[in-house]
Amino acid sequence: MPRVSQERLDARRRQILDAAARCFARNGFHATSMQDVLKEADLSAGAVYRYFSGKEELISAIVAEVISEVRGAFQEAAAQRPLPSPEILIGMVIRQILGKEETLGPSGGSLYPRLMVQVWAETIRNPELQNVLNDGFAQVRRPWIEIVEAYQDAGMMRADIPAVSVARTLIALAQGFAAQYALFGDMPVQVVELGLKALMSMEDPAARS
């Protein structure tokens, strides 16, 4: 009997994770049953349990994956050179998160914002997942502190405010957009970009004139 290739094994695992992500985003972690995941993936119980021992293991895998994807979006934006202005960086992060291929289906919008909210709630309940989230946030925060310090060194931003405070606020803007998107539905990224641009113009004499 021929052995199943690693590529095929990886594809099947991906199929299961994508199905679980759609279920979790629609109904939450604890209102979703393994039967829901089996139906969404169109697989037998044996096929799914070969990869995951149960729902808790699926939840852990989804949480780790979402945190990794969001961390990657922030880190990719932080690596841009020359550094764009803050509203452009935040817009880049949000667009990358919304641009993930996984969606909730026709007219359902991007899956990731709703999944992010579910992940945040789950990490409050689960100390192990909380540690994963804390580590991911620390990895995001470091390059964004460096971004703020670069703005300050270039005279683009006031230097009397701790860089970590500004970095955490910028990250919170992206997180807040995800929460609003999940709660209230589709909204243009330009809302955050223009809002941040307006806030940054308050001490700009040219903007006031």
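Tutor: Start with the naming. Helices (H or I, at least four residues) and strands (E, at least two) are DSSP runs, numbered from the N terminus. The model is predicted, with local features needing pLDDT of at least 70 and side-chain atom pairs pLDDT 80 or more, while totals for chains, interfaces and linings use all residues. Residues are numbered from 1 along each chain as its sequence is written, and side-chain values use heavy atoms, with hydrogens and water left out.

Next, the voids. On a 1 Å grid over the protein atoms alone, a cavity is a set of points where a 1.4 Å probe fits but cannot get out. A pocket is an open set with protein on both sides within 12 Å along at least five of seven lines. Lining residues have an atom within 4 Å of a point. Points are joined across faces, edges and corners, and a volume is the space filled by probe spheres set on them.

On that rule there is 1 cavity of 30 Å³ or more. The largest cavity holds about 40 Å³ of space. Helices α5 (86-98) and α8 (163-184) each give at least two residues to its lining. The lining residues are Ile 94, Ile 97, Leu 98, Pro 113, Ala 174, Phe 177 and Ala 178. Sorted by class, that makes 7 nonpolar, no polar and no charged residues. Here Ala, Val, Leu, Ile, Met, Phe, Trp, Tyr, Cys and Pro count as nonpolar, Asp, Glu, Lys and Arg as charged, and the others, Gly among them, as polar.

Stay with α5 for its charged side. Arg 95 makes a salt bridge (a side-chain nitrogen of Lys or Arg within 4 Å of a carboxyl oxygen of Asp or Glu) with Glu 193, at 2.6 Å between the closest N and O atoms. Arg 95 sits in helix α5 and Glu 193 in helix α9 (residues 190-200), so the pair ties together parts 98 residues apart in sequence. Buried means under 20% relative accessible area, exposed over 50%, and partly exposed in between (1.4 Å probe, protein chains only). Glu 193 is buried at 15%. Arg 95 is partly exposed at 39%.

Helix α9 leads on to the open space. The largest pocket holds about 620 Å³. It has 18 lining residues, and Met 156, Met 157, Arg 158, Leu 199 and Met 200 are the closest to its centre. α8 and α9 each supply at least two residues of this lining. α8 gives the most, 5 residues. The classes are 12 nonpolar, 3 polar and 3 charged.

The second largest pocket has a volume of about 260 Å³. Val 70, Trp 120, Leu 133, Phe 137 and Gln 175 are the closest to its centre, out of 16 lining residues. Two or more lining residues come from each of α4, α6 (111-125), α7 and α8. The largest share, 6 residues, is from α7. By class, this lining has 11 nonpolar, 4 polar and 1 charged.

Look at α7 (residues 127-153) itself. Gly 136 lies in it. Gly 136 is buried, at 4% relative accessibility. Beyond four places in sequence, Gly 136 is in contact (heavy atoms within 4.5 Å) with Ile 67 and Arg 71. The C-alpha atoms of Gly 136 and Gly 72 are 9.6 Å apart, across 64 residues of chain.

Now the core. A nonpolar core is a set of buried Ala, Val, Leu, Ile, Met, Phe, Trp, Tyr and Cys residues joined through side-chain atoms within 4.5 Å. The largest one has 62 residues, and Leu 58 and Trp 144 have the most contacts inside it. Helix α4 (residues 55-78) gives the largest share, 12 residues. Leu 58 touches Ile 16, Leu 17, Ala 20, Phe 24, Met 34, Val 37 and Phe 52, leaving aside neighbours within four places.

Helix α4 also carries charge pairing. The structure holds 8 salt bridges. One of them joins Glu 65 and Arg 14 at 2.6 Å, N to O. Glu 65 is in helix α4 and Arg 14 in helix α1 (residues 6-27), so this pair ties parts 51 residues apart in sequence. Arg 14 is partly exposed at 33%. Arg 14, Asp 18 and Glu 65 are linked in a network of salt bridges.
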